[in-house]
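Please read these notes with the model open beside you. They go through it point by point.

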Amino acid sequence: MDDLLDGYRRFRVTSWPERKALFEKLALRGQSPQTLVIACSDSRVDPTMIFDAGPGELFVVRNVANLVPAYSTPDHAHHGTSAAIEFAVKVLEVKQIVVLGHALCGGARALLDGAPDMAQDFLPDWIRIAAPASETARHLTDDEAEQRRLVEYGCVRVSLKNLTTFPWLKERLDDGRLALHGFYFAVATGVLERLRPDGTFGPA
């Protein structure tokens with residue numbers, strides 16, 4: 001906790017004076033980000049840093065393996081990611097959605113190796129959202145490192161596909177009010193790849 005408080009104090013001394021007017025404007029007028037980013041919870045992958053974005057520019061949803069579940073009929077269960085997408089699309093009216101995958105993803109690896117024994121309550125069911133990605137990777141190669149990379153790519157593709165199952169989101173895609181994009185960040189090199197129209201990833 002001391003490290004966090006030390007960081008806050010540095011923020012107040014260095015960053016806050018420069019951004020005070022911006023935060024006051026955001027507080028007064030509210031947020032109006034143009035982009036929703038669905039990213040992994042991994043502590044090494046910070047969307048605002050990767051895209052060099054400031055406060056108020058990105059509406060960020062983070063979860064294990066940057067996954068989006070398929071749309072389901074509203075019920076009384078908890079749908080955190082879906083609720084955030086609904087808010088971003090229907091209330092904030094974002095113009096684009098970015099799914100940001102990354103290398104060395106623990107959630108993607110758990111799809112191949114199984115969830116850790118100490119994380120069996122919720123993780124196994126959650127990562128099964130991307131089960132098709134692991135099945136495809138195993139079919140394409142026996143190399144474990146390549147399988148992991150293919151699953152990481154696959155998590156992005158699965159999430160983009162599942163986004164189109166939300167009826168009010170699909171409506172906005174069809175009429176041009178909204179666009180979807182997929183990206184992949186290599187932690188060790190800092191290289192960002194983009195999902196291309198042909199379904200492959202290449203330099204952004």
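1. **Basis.** This is a predicted model; local features need pLDDT of at least 70, side-chain atom pairs count only at pLDDT 80 or more, and totals for chains, interfaces and linings use all residues. Residues are numbered from 1 along each chain as its sequence is written, and side-chain values use heavy atoms, with hydrogens and water left out.

2. **Helix H1, span.** H1 covers residues 2–29. Helices here are DSSP runs of H or I with at least four residues, strands are E runs of at least two, and both are numbered from the N terminus. H1 has 28 residues, yet its end C-alpha atoms are only 33 Å apart. A straight helix would reach 40 Å at 1.5 Å a residue. The expected span is 1.5 Å times one less than the number of residues.

3. **Helix H1, bend.** Where does H1 bend by about 70°? The bend is at Trp16, and a proline, Pro17, follows within four residues. The angle is taken between axes fitted to the seven residues ending at a position and the seven starting there. After H1 comes Gly30, with a positive phi near 85°.

4. **Start of the chain.** Met1, Leu4 and Leu5 make a nonpolar surface patch of about 340 Å². Patch members have over 30% relative accessible area and no salt bridge; like charges are joined within 9 Å, and nonpolar side chains (Val, Leu, Ile, Met, Phe, Trp, Tyr) within 5 Å. Areas come from the Shrake-Rupley method with a 1.4 Å probe, and for residues only the protein chains shown count as cover. Leu4 sits in H1. Leu4 counts as exposed because its relative accessibility is 61%. The cut-offs are under 20% for buried, over 50% for exposed, and partly exposed in between (1.4 Å probe, protein chains only).

5. **Strand S4, partners.** S4 spans residues 179–185, and five of its seven residues are buried. S3 (residues 96–102) runs parallel to S4, joined to it by seven bridges. Val98 stands opposite His181 in this pairing. Strands pair if DSSP finds at least two bridges between them. S5 (residues 192–195) pairs with S4 in the antiparallel sense over three bridges. There, Arg194 in S5 is the bridge partner of Phe183.

6. **The S4–S5 hairpin.** Six residues lie between S4 and S5, which form a hairpin. Gly190 is in the turn, with a positive phi of about 75°.

7. The whole structure has 10 salt bridges. Each is a side-chain nitrogen of Lys or Arg within 4 Å of a carboxyl oxygen of Asp or Glu. Arg9 and Asp6 form one, with the closest N and O atoms 3.4 Å apart. Both lie in H1, three residues apart, about one turn of the helix. Arg9 is partly exposed at 48%, and Asp6 is partly exposed at 36%. Asp113 and Arg109 form another, at 3.1 Å between the closest N and O atoms. They are four residues apart in H4 (residues 106–113), again about one turn. Asp113 counts as exposed at 55%, whereas Arg109 is partly exposed at 43%.

8. Why are Glu146 and Arg149 separated by about one helical turn? Because they are three residues apart in H7 (residues 144–163). An α-helix has 3.6 residues a turn, so residues three or four places apart point the same way. The side chains of Glu146 and Arg149 meet in a salt bridge of 2.4 Å, N to O. Glu146 is partly exposed at 26%, and Arg149 is partly exposed at 29%. Salt bridges that share partners also join Glu171, Asp175 and Arg177 into one network.

9. Asp52 is not a glycine, yet its phi is positive, about 50°. Asp52 is in the loop between H2 (47–50) and S2 (58–63). Asn66 is not a glycine either, and has a positive phi of about 45°. Asn66 is in the loop between S2 and H3 (80–91). Is each buried or exposed? Asp52 is exposed, with a relative accessible area of 70%. Asn66 counts as buried, at 2% relative accessibility.
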